[in-house]
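Let's take a walk through this one together, from its pockets to its core and its charged pairs. Have a look at the model first.

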Amino acid sequence: MAPAPPSTSSDITLNINGEKHTLPVDHRTTLLDALRERLDLTGTKKGCDQGQCGACTVLLDGRRAVSCLQLAVAAEGRDITTIEGMAEGDRLHPVQQAFLDLDGYQCGYCTPGQICSAIAVIEEHAAGWPSAATDDIRPEAGPPLLSAEEIRERMSGNLCRCGAYVSIVQAVARAAQAKSEEAAA
């Protein structure tokens, strides 16, 4: 008698927005599908389902990831933050507030992914990570000025079909400035 084939599903525990969720998943289930279809966290959007549009961007351990290319089983044990976990009660995250104040959205479909990416962009910049638009990448040069060109380059993995890019860049710049002022105080 042949041995039984290995199971293609497992019970996993995902730490999402500070809460643990245990659920059975097929090993081929993407993090995006687990979030939307299994946990009803529908703020993360399904766009291209190929990792090219950024609509499904979430934060994994504080770094941005397109959840349509991330397997749910590979996210076990990591801190996952979705758009639903950004606000603190009724107080919006500063990036969310900047998007609202500066009309960094139109239809709103890409906005959750844009906001998650923007939060990571601001952190990456503050940590001194260069981008393809950074002129001087020497460590002693320090972080580059977070110019519109830098923001556009760093946000280039997130598409907006409505074309709200000008407002998105302004919102990221405002939120980054607010974070910088808060850190200096």
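For sorting residues into classes, Ala, Val, Leu, Ile, Met, Phe, Trp, Tyr, Cys and Pro count as nonpolar, Asp, Glu, Lys and Arg as charged, and the others, Gly among them, as polar. Keep in mind that you're looking at a predicted model.

With those classes in hand, start at the largest pocket. Its volume comes to about 260 Å³, and 13 residues line it. Sorted by class, the lining holds seven nonpolar, one polar and five charged residues. Nearest the centre of the pocket you'll find H93, P94, V95, K179 and E182. Helices α2, α3 and α5 each put at least two residues into this lining, with α5 giving the most, four residues.

Around it sit G47, C48, C53, A55, C107, Y109, C110, L159, C160 and R161. The class count here is eight nonpolar, one polar and one charged.

Now for the packing. The largest nonpolar core is made of 26 residues, and V95, F99, M155, I168 and V172 have the most contacts inside it. Here α2 (94-101), α3 (111-126) and α5 (165-184) turn up, each supplying at least two residues of this core. The largest share is from α3, with seven residues. Another core of 16 residues lies apart from the largest one, and its members include A34, L35, L41 and V58.

On to the charges. Side chains of opposite charge can pair when their charged atoms come close. The count in this model is 11 salt bridges. One of them joins E123 to K179, with the closest N and O atoms 3.0 Å apart. This pair ties together distant parts of the chain, since E123 sits in helix α3 and K179 in helix α5, 56 residues apart.

How exposed are E123 and K179? E123 has a relative accessible area of 38%, so it counts as partly exposed. K179, at 34%, is partly exposed too.

Two other bridges are worth a click. E140 and R138 meet at 3.2 Å, N to O; E140 counts as exposed because its relative accessibility is 58%, while R138 is partly exposed at 44%. E88 and R91 pair at 3.9 Å, N to O, and both are exposed. Finally, D33, K46 and D49 are linked in a salt-bridge network.

Definitions and conventions. Residues are numbered from 1 along each chain as its sequence is written. This is a predicted model: local features need pLDDT of at least 70, side-chain atom pairs count only at pLDDT 80 or more; totals for chains, interfaces and linings use all residues. Side-chain values use heavy atoms; hydrogens and water are left out. A nonpolar core is a set of buried Ala, Val, Leu, Ile, Met, Phe, Trp, Tyr and Cys residues joined through side-chain atoms within 4.5 Å. Buried means under 20% relative accessible area, exposed over 50%, partly exposed in between (1.4 Å probe, protein chains only). On a 1 Å grid over the protein atoms alone, a cavity is a set of points where a 1.4 Å probe fits but cannot get out, and a pocket is an open set with protein on both sides within 12 Å along at least five of seven lines; lining residues have an atom within 4 Å of a point. Grid points are joined across faces, edges and corners, and a volume is the space filled by probe spheres set on the points. A salt bridge is a side-chain nitrogen of Lys or Arg within 4 Å of a carboxyl oxygen of Asp or Glu.
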